[in-house]
Amino acid sequence: MTFKDLQIIEPILKALQNQGYTKPTEIQELSIPILLNNKDLLGCAQTGTGKTAAFAIPILQHLYNEKEVGNNKRKIQALIVTPTRELAIQIGESFTTYGKFTGIKNTVIFGGVKQLSQTDALKRGVDVLVATPGRLLDLIQQGFVSLGNVKYFVLDEADHMLDMGFIHDIRKIVEKLPIKRQSLFFSATMPPEIIKLSGNILGNPEKVTIKPEQKTAEKVEQSVYFINRKSKTKLLIHILNSEKYESVLIFSRTKHGANKIVKSLEKTDFRALAIHGNKSQAARQLALKNFKNGNIDILVATDIAARGLDISELSLVINFDLPNVSETYIHRIGRTGRAKFSGIAISFCDLEERPYLKDIQKLIKQEIPVVEDHPFANEEPEEIQKTVTQQQNRAFTPRPNQNKSFGNNSNSRKYKSSRPSSRNK
Ligand code: AMP
């Protein structure tokens, strides 16, 4: 199957060729014909699957084919709503890339920055608007955005919208859309609230489900270190010193934790920056730019800030803290091993995080190999925090005669330094 087989028009084919896309990904192969056929779509998929092109290409094609000749001011005909600024920017960039030879214009609006450059772009006129919910509603209220001409509506990462408390905003946005439109709804998971929301937005949709989870997990070489919380920073520095990594993304559960990690790394002469919700948009973009162009080797991120980041050839993901929501683990390790690349994901797990590890392994249906041989493996286990229940405490505290490193996993292995080449480039 090629993009040509999917009846993609020449100007878009040319742009895809320029990007080096030789064939459609699974979600593109399944979704593009449905969308070109003007059907609504309910897509169960997440970033990393080629989802953006799956919706951007047909929208660009529709708009190109319907383009009115003449000097009429551009009106917003396609609206893409996505939860984070970073995702919005990436989607805007994708529209620019795939639409390079179509003459279709897009702009991106998101909160946390001054609105002037955004309202100026809107005043000049755009065909495609990519927006985060809050800023969109704000600019609608101020009269800078009208949704009256929208023919194509995409709700991206719906489950994440729910997590971030945006569902009410989404309902308000949907109320302002014309009834006659094509709607696309994407979500990585489909809990009942999301199914209900999709029912309000879509009319008799076609469904496409892509399960990248297992694939992602399979493509990524994973390992876990059992470690006391207080020794995590030392272990991190030990790992980063043991081999040359070109680009490392470290996940911290909290913003404060992310800042602390960056400080510790800077003291040891690593070039690192943090990216999280307390940083200004300019600082987040600058950090990302510096990371992508290799000025810094290490980015320390919280989940919200990192969601959907598209950094190709990321060599290593480190979960400094394990996420308490198992799906987040898949999103995180999916930052490496994207598209055709393979990657490495290392997780630190303290005693309190053992239940999270158990849940993650259940979800990915894999036992993550334990690295037993590391300098902090023989430390006495820390006192467990009060937040863990007595029952969990009993279940996860090693028995006295058990290996002090907690490594009682049949899949345990010694840490080896022979690694895929991506790590040593
Ligand atoms: P997405 O899921 O939209 O975030 O895309 C994940 C990554 O896959 C991005 O780096 C895209 O540029 C890339 N990608 C999307 N479609 C294709 C394709 N057909 N061939 C190769 N790479 C692609």
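**Entry 1**

I began with Asp269, which sits in the loop between helix 12 (255-267) and strand 10 (272-275). I take helices (H or I, at least four residues) and strands (E, at least two) as DSSP runs, numbered from the N terminus. The model is a predicted one, in which local features need pLDDT of at least 70 and side-chain atom pairs count only at pLDDT 80 or more, while totals for chains, interfaces and linings use all residues. Residues are numbered from 1 along each chain as its sequence is written.

Asp269 has a phi near 70°, a positive value in a residue other than glycine. Is Asp269 buried or exposed? Asp269 is exposed, because 6 other C-beta atoms lie within 10 Å. The cut-offs I use are these: a residue is buried with 20 or more other C-beta atoms within 10 Å of its own, exposed with 12 or fewer, and partly exposed in between, the C-beta atoms being placed from the backbone.

I then looked up Lys365, in the loop between helix 16 (354-364) and helix 17 (390-396). Its phi is near 55°, again positive in a residue other than glycine. Lys365 is exposed, with 9 other C-beta atoms within 10 Å.

**Entry 1. The chain and its confidence**

I noted 17 helices and 13 strands in the protein chain. Buried residues make up 45% of its 425 residues. Of the contacts with a separation of 6 or more, 78% join residues 24 or more positions apart; two residues are in contact if their C-beta atoms, placed from the backbone, lie within 7 Å.

The mean pLDDT (the predictor's confidence in each residue, from 0 to 100) is 84 for the protein chain, and 83% of its residues reach 70 or more. Over residues 385-425 the pLDDT is below 50, and this stretch has 57 contacts in the model beyond near neighbours in sequence. Where pLDDT is low, the predicted coordinates should not be read in detail.

**Entry 2. Helix 2 and what covers it**

Which residues of helix 2 (residues 26-36) are buried? I found Ile27, Gln28, Ser31, Ile32 and Leu35. They lie on the same side of helix 2, because they cover an arc of only 110° around the axis; the arc is that of the directions from the helix axis to the C-beta atoms. An α-helix has 3.6 residues a turn, so residues three or four places apart point the same way.

The cover over these buried residues includes strand 1 (41-44), helix 3 (51-65), strand 6 (182-187) and strand 7 (206-209). After helix 2 comes Asn38, with a positive phi near 65°.

I followed strand 1 further. Strand 1 pairs with strand 6 in the parallel sense over four bridges, and Cys44 stands opposite Ser187 in strand 6. Strand 1 also pairs with strand 7 in the parallel sense over four bridges, with Cys44 opposite Thr209 in strand 7. Two strands count as paired if DSSP finds at least two bridges between them.

**Entry 3. Strands 3 and 4**

In strand 3 (residues 106-109), Asn106 and Val108 point one way, Thr107 and Ile109 point the other way, and all are buried. In a regular strand the side chains alternate between the two faces of the sheet. Strand 3 and strand 4 (residues 128-131) pair in the parallel sense over four bridges. Asn106 stands opposite Val128 in strand 4.

**Entry 4. The cores**

The largest nonpolar core has 59 residues, and those with the most contacts inside it are Leu60, Leu79, Tyr98, Leu129, Ala131 and Leu155. I count as a nonpolar core a set of buried Ala, Val, Leu, Ile, Met, Phe, Trp, Tyr and Cys residues joined through C-beta atoms within 7 Å. Helix 3 gives the most to this core, with eight residues. A second, separate core of 50 residues includes Leu235, Val248, Phe320 and Ile330.

Not counting residues up to four places away in sequence, Leu155 touches Val81, Ile170, Phe185, Phe186 and Ile201.

Val154 lies in strand 5 (residues 152-155) and counts as buried, with 25 C-beta neighbours inside 10 Å. Val154 and Leu79 are 75 residues apart in sequence and 6.2 Å apart in space, C-alpha to C-alpha.

Ile261 lies in helix 12 and is buried, with 24 other C-beta atoms within 10 Å. Not counting residues up to four places away in sequence, Ile261 touches Thr233, Ile250, Ser252, Val300 and Phe320.
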